[in-house]
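The following exercises are meant to be worked through with the structure in view. Each task sentence is followed by a solution in steps.

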Amino acid sequence: MFSHTLVPTELPSDEVYAYGLSKALIKVAPPATVGLYSSCPNRINMLLNRIEVHMKKESDKKEKAYKGQSKPRSQKASILNFLNLLFTLIFYWPMWTETNQNRKNVRYIFIKFSAWHFAGSDKLWAGLVIRICEELQLSFGKLFISVYRAAQYIEGDVKKIIVGSHKEWKTKKFLCIPLWLATLIIMLGILGLVALFSVAGIPSGESGKDGIAAVETLAIATLGLPAAGAVRFTLLVGKNLIFSQNLNVKRMIDNQKLSSQLGFMNEVRKEIDILSNFIRFMEVYERRKIRVVLEITNLGRCTPGMIVGVLDAISILLSSEDSPFISFLAINPSFIAKRVESSGCFVKVEKNGYAFLNQIVSLPLTVPELCNASKKMAFENIVKGQLESPEDLFLEEMEGMKNNTSCSSDVSTVERGLENDTQIPLLSSTSQPEMNIGDNEELKSLIEKALKSIYAEGNLHKYITDNSICMRRIINSVRVSVNIMAAVDRDLPPPEDIAAWVVLANQWPCRLSWILQCLEDDEQRAEIVQHTTGEVIADDTKLLWEVFSESRIELYMIRDEIASLLQQDGDPELFEKFLKIDFHFTVREAKQFRLFTVNLDHSIKKELAILLASSNLKEKMKPDALTPLPLRTVLKMSTSQVCEEMAKLKLPPKYQDAIHQHSLDGEALIYSDNSEIKQVLQMSMGEWIVFSIHFLSIKPPAVSPAPDRVLKPGDINAASTVFLSEGNLLAKATPYSSLSNLLESTIM
């Protein structure tokens, strides 16, 4: 487990998260979908920009460090490169060999797609495809894609077969001779005929006589078939230039008969396949891998049906085998999950938006809240009115965090780390020394050991599912977590613990979020107690399973409200075995790990916090007013503590004797039937209401206002009877009220 070092109190900066994710994405094989989870669009845009910068720098570094026999081709436009690519497209077939498939240098093409710009379309996902087509045409050239479609593309599924040969190109054949040689011979023949006719003149006479027939036959044989092929090829290229991929998609959208049929998406997929195959061709030609990074933003502004359409397009159109696409899904997961659930488009899952997202996202990264220093700086900038737009605020914040902030990373240090490959972003602080991690080989070794602990050693493999997407989420999350931990902590935990924590967050996100929320509440409660009484009640050595055991009844009581969240969790018995037997994580370790938990959706913890806050909601009252005790507090109370609390309520001592006589501790009060407790204590109605509100958290029944109502003698008794008969049900409800408010609402 972790060594007993100082626990970081501030979250890493966004620069560190961007760096860690960019390093992990370099190792990710496409197709992949990255979920960038945050409720702040401006921070998402800033993170995407920083990720793009880091990935481009890493790409440039690999290009310079390449030591292979055949160096990557230059991307600069020139007449020589233009003619070379055109000649290769027409006369050669690409060959996929082990050499070109194992190349490490990568070229990234970044495509930004704001869903809000296409929200007016009936088919938002078609707008996504159009955007991809337009950007790739700008990157490679419309002419080359048109020539590829005419000279290279074969309709149908063409599998990429890796051959053992070192040759990367195979010449096209015509009559068993290379096509380029046949073309050269034909052109030389044409030039020879032109030269002959220009010197000797065109023979005259009647057709079929005086050798004219022989000349005609020779001319037709020489010019006829090649001319027909050349004309056909030229027409195809011209057609593809005029009717490009994006125009074809627009035409299909306008075609009501086609767009209303099931074959519409299949036709669009053909256009995507053409682009994917062209990129595979260019990978062999440029001698580098090519990855298309698609950044999808503002999806939450669209209607539920459009959101589901885009998500389906990512999983169907952009996730085929050998697809070069890496998709960034920048969303607020809780909001998108609710929108998906309300769309009524469920086929694969049972109305669970989170499960729908988990089937698509292979690498989740939850962006944490801003650290305190960053929030202070952002607020100060807003107050002073120094910035014109919120996005500029966060960009300026990142620049400002290079100076005196305790939670920021030095951007220049990040850049130096990328160049030297011996450092990565670190936290700079005026009160603690800077921490550098080891070399890149050491970091790779740590990642390999963490992943190996899942499939080769220990028991971790027993806790993961057989879902390949789930496995990829765990692998990718381990890589990101290790990179971020290495950026901010000198003493890294054992690799097995890192992998175990990632598996815990991936398999039981709701239960882990519940534990972290309970720890946060306990921390705040301990600070209050320490401030008021000076007593230190925090215990960092407590096991997480003990924390969960003490609060599980509270989780059980709100199970109906969090049913969709609990459905994300795996086997509860395996969860118990995980924390109780195999991995004894403590509170201290949870505090250290939670700063680097990138694969845990923070919106789950927020929803749990809202439910806990509502269950413990107290109305503004006088200092001596009646207030309900939290459920967990009652569960931990002994009979003596119950009696002490009853004394504070100024209830007669005879009830305390009854508590001792029947051994009614906190658990007995919670688990017992309320009518039985009332019968044992023999309280009056008023005393029972005070006791039940304080200990059993019973709220008064809702009474609708009735203007000009005349109070009848039996009204209070009737209301009390209803209140007491529904005691068990109301014990699970929120919020609460004082006795005076209860009587007042009854009279009203």
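**Exercise 1: A residue within a helix**

D521 has a relative accessible area of 14%. The model is a predicted one.

Solution. 
- Step 1. Buried means under 20% relative accessible area.

**Exercise 2: A strand and its partners**

Task: describe how strand β1 (residues 32–37) is covered, and identify the strands with which β1 is joined by bridges.

Solution. 
- Step 1. Six of the six residues of β1 are buried, and the strand is mostly covered.
- Step 2. A32, V34 and L36 point one way from the strand, while T33, G35 and Y37 point the other way; all are buried.
- Step 3. With strand β10 (residues 325–331), β1 forms a parallel pairing over six bridges. A32 has I326 of β10 as its bridge partner.
- Step 4. With strand β11 (residues 363–366), β1 also runs parallel, joined by four bridges. Here G35 has P364 of β11 as its bridge partner.

**Exercise 3: Two helices in contact**

Task: classify the orientation of helix α22 (residues 544–557) relative to helix α24 (residues 572–582), and describe their contact.

Solution. 
- Step 1. Two packed helices are described by the angle between their axes and the distance between the axes.
- Step 2. The axes of α22 and α24 come within 8 Å and cross at roughly 135°.
- Step 3. Angles over 145 degrees would count as roughly antiparallel, and 65 to 115 as roughly perpendicular. The helices α22 and α24 are therefore oblique to each other.
- Step 4. On the α22 side the contact involves L544, W545 and F548; on the α24 side it involves F575, E576, L579 and K580. By class, this contact of α22 with α24 has five nonpolar, two charged and no polar residues.

**Exercise 4: Aromatic rings**

Task: state how many aromatic pairs the structure holds, and classify the pair formed by F548 and F575.

Solution. 
- Step 1. The structure holds 22 aromatic pairs.
- Step 2. In the pair of F548 and F575, the centres are 5.1 Å apart and the planes are at 75°. Planes over 60 degrees apart count as edge-to-face, and the pair is edge-to-face.
- Step 3. This pair links distant parts of the chain, with F548 in helix α22 and F575 in helix α24, 27 residues apart.
- Step 4. Both F548 and F575 are buried. They belong to one aromatic cluster, whose members include W545 and F578.

**Exercise 5: Backbone exceptions**

Solution. 
- Step 1. Most residues other than glycine have a negative phi, and most peptide bonds are trans.
- Step 2. P31 lies in the loop between α1 (14–27) and β1.

Terms used:
Residues are numbered from 1 along each chain as its sequence is written. This is a predicted model: local features need pLDDT of at least 70, side-chain atom pairs count only at pLDDT 80 or more; totals for chains, interfaces and linings use all residues. Side-chain values use heavy atoms; hydrogens and water are left out. Buried means under 20% relative accessible area, exposed over 50%, partly exposed in between (1.4 Å probe, protein chains only). Two strands pair if DSSP finds at least two bridges between them. Axes are lines fitted to C-alpha atoms, for helices over the stretch in contact, and angles run from 0 to 180 degrees between N-to-C directions. Angles under 35 degrees count as roughly parallel, over 145 as roughly antiparallel, 65 to 115 as roughly perpendicular and the rest as oblique. Contact means heavy atoms within 4.5 Å. Ala, Val, Leu, Ile, Met, Phe, Trp, Tyr, Cys and Pro count as nonpolar, Asp, Glu, Lys and Arg as charged, and the others, Gly among them, as polar. Rings of Phe, Tyr and Trp (its six-membered ring) pair if their centres lie within 6.5 Å; planes under 30 degrees apart count as stacked, over 60 as edge-to-face and the rest as tilted.
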